[in-house]
Amino acid sequence: MDAALDVDGGWKEAITNVADLDRWCYLAERVCGWAIAHRGPHTPVCSQTDRWRQTLGVMRYCSIVVTNP
Amino acid sequence: MQFNPGSGWQEAVTSVRDLDKWIEDLDYIAGWSLAHRGAMDSRMLRAWHLPAGAEVEEAVVICRGDPKRWLRLVSFKGIAQTQIRSSGQPWETGGLFSILLYSADTQAAFQRAQERWWSAHHDPVVMEFGGRELLNVVLRGPDGCNFGLYQPLKPTPAEPFPFLKAGPPFNGQQMVRNKEQTECFYADALGWNSWFSGTISLSCNNFGIPDNMVGVNPKHVAIAHAAEGEYGQVELVQWTGFEGQHYGDKAVPPNLGHLALRWPVDDLANQVATIRAAGIDLFVEPTTVTLPPLGEVLLCTIRTPDGVMIELIQTSG
């Protein structure tokens, strides 16, 4: 995956808030043939580097889980 | 669960891809539970004009509180299939559009459906029909299947809703090309009568058409049954002003979607004579098959003018 900055004017990623991250990753691979380039806890974008870390056409799936402490 | 002739259809047959998911979904969304699961009688394959090599597993799911009629899920393996109503819009004709049931709480059922990846043609809306108000949603499930849920609102039900989530299926809704012709089919072939037949213009958008078209084009509607009572009936809907595909030719096994309504009769031979006298061909000639949990039955099939399979069954006992 080319994670270099690529400020060409177009948007780099779409963010989709989903209920079931496992199933979305499965479908992304099976239906679209996409690869999972990263998976981990979601943190708010806090720097330009983070913002443009993805290459063109990347979909970032976010699964927000609320737990009761 | 028993053979129950003398009223309307007793089971709906739905062809699905993922039997496990369907069983879990219908339990979660409607509270229906598994009453039977196993291999389908291979004689049914022959009756349905399918190659003997296909594997078919079936499952019967019921509303435990009222197990007089139910849904039979069938899952074909090793055979090419397509969705009957693929990408189907509500105004498009052919096949069984929707299975209808009463719900305890339509909003809650809709949320549960969404949690299971289902969708709907529109968010729940209040429908007024026949002096009643019902909270209605038309759920879009997997495999091109729809389920219409109705929560009675007014008049206020005298008793609490008797089921935790939903009641048993009560109606097989069909989008037809010609309401009168299909009404005649049910009357001539099966002796069913319409307790409602007319033209309606609903003011709610339960089918998710453009808002500015709601109530503009009337629908010709008939609701027919074999005997008094709301359960086991069919609703025939002919839209006007909307055009689209016709799916009737695809409404046969092993294709995916709501496939058939099974109607128990006391005297199948006599009913077949009536059907033939009406000039209607049999899609399946009388055949003996095992249909758990009913046991061995004599079954034959006719198809409505829009391709819906009506299977007549008579127990051998």
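Hi everyone, a quick word on the background. This is a predicted model, where local features need pLDDT of at least 70 and side-chain atom pairs count only at 80 or more, while totals for chains, interfaces and linings use all residues. Residues are numbered from 1 along each chain as written, chains are lettered from A and ligands numbered from 1 in the order written, and side-chain values use heavy atoms, without hydrogens and water.

Now, how many aromatic pairs does the structure hold over all chains? There are 18, where rings of Phe, Tyr and Trp (its six-membered ring) pair if their centres lie within 6.5 Å; planes under 30 degrees apart are stacked, over 60 edge-to-face, the rest tilted. One of them joins W91(B) and W239(B), edge-to-face, with 6.2 Å between centres and 65 degrees between planes. W91(B) is buried at 17% relative accessibility, and W239(B) is buried at 9%. Back to W192(B): its ring centre is 5.6 Å from that of Y186(B), with the planes at 40 degrees, so this pair is tilted. Y186(B) is buried too, at 1%. Ring pairs also link W91(B), F97(B), F207(B), W239(B) and F242(B) into a cluster.

Finally, which charged residue lies over the face of W117(B)? That is R23(A), 4.7 Å from the ring centre; the rule is NZ of Lys or CZ of Arg within 6 Å of the ring centre and within 35 degrees of the ring normal. R303(B) likewise has its charged end over the ring of F283(B), 5.4 Å from the centre.

Notes: Buried < 20%, exposed > 50% of the residue type's maximum accessible area, 1.4 Å probe, protein only.
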